[in-house]
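Please view the sequence and structure first.

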Amino acid sequence: MRFLIILFLGLSLYAQSLYLLPFEAKAAKTELLQKIDHANHEIAVAIYSFTHKTIAKHLKNAAKRGVHVLIIADEEQNRNNPYSQIGCLQKYKNIEVFTLKGRYNKKREYYGKMHMKLAIIDNKWLIFGSANWSYSAFGKNYETLYFVKDYAMAKKAKKMFARMLRKAKPY
């Protein structure tokens with residue numbers, strides 16, 4: 001009995017969901033929007049491509065509620081992309097948008113990509129996988145999206161996010 005109680009308590013500490021897109025795209029998008037809608041303090045996002053208007057609308061609404069939204073997007077993918085949502089979002093109060101290139105390869109003389117797909121919500125929820133925040137990712141592509149509530153992992157991810165933010169440029 002004692003073992004079952006300990007097992008139950010251990011499992012309840014880690015809320016998690018794994019979605020396999022495109023088959024579970026609707027459920028994945030629903031959970032992502034719910035996490036954004038229930039954020040209380042901060043949403044930190046590192047995303048390669050961000051073209052999904054519905055997700056942008058929910059981030060805007062979170063910012064209106066007083067949630068601080070930080071977005072780091074790949075510079076090349078988003079700077080002159082007319083479909084990118086980061087330009088629209090950066091003009092709202094409580095939303096800060098940055099771009100970042102990947103590391104420079106001296107031998108080949110090019111920059112890598114900021115190819116991460118990560119969101120940290122209220123320093124407790126991590127959302128990551130292969131899916132960009134695009135219509136293709138949530139409708140056509142084979143992708144993964146994983147949600148986990150884990151303070152230690154969120155703290156580790158937030159440290160990486162802070163390192164990236166120091167190198168990023170305001171949009």
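## Isoleucine 86

Isoleucine 86 is buried, because its relative accessible area is 0% and the cut-off for buried is under 20%. The model is a predicted one. Isoleucine 86 belongs to helix α5, which spans residues 86-89.

What is isoleucine 86 in contact with, leaving aside its neighbours within four places in sequence? The contacts are Phe50, Ile71, Ala73, Asn78, Val97, Thr99 and Tyr171. Asparagine 141 lies 55 residues away along the chain from isoleucine 86, and their C-alpha atoms are separated by 22 Å.

## Strand β7

Strand β7 covers residues 117-121. It is largely enclosed by the rest of the structure, because 5 of its 5 residues are buried.

In a regular strand, side chains alternate between the two faces of the sheet. In β7, Lys117, Ala119 and Ile121 point one way. Leu118 and Ile120 point the other way. All of these residues are buried, Lys117 included.

## Partners of β7

Which way does β2 pair with β7, parallel or antiparallel? Strand β2 (residues 42-47) pairs with β7 in the antiparallel sense, over 5 bridges. Within this pairing, alanine 46 stands opposite leucine 118.

Strand β8 (residues 125-129) also pairs with β7 in the antiparallel sense, over 4 bridges.

## The β7–β8 hairpin

The hairpin of β7 and β8 has 3 residues between the strands. In this hairpin, aspartate 122 takes a positive phi near 55 degrees.

How values were computed. Residues numbered from 1 in each chain as written. Predicted model: local features only at pLDDT ≥ 70, side-chain atom pairs only at ≥ 80, totals over all residues. Heavy atoms only, no water. Helix = DSSP H or I, 4+ residues; strand = E, 2+ residues; numbered from the N terminus. Buried < 20%, exposed > 50% of the residue type's maximum accessible area, 1.4 Å probe, protein only. Contact = heavy atoms within 4.5 Å. Pairing = 2+ DSSP bridges.
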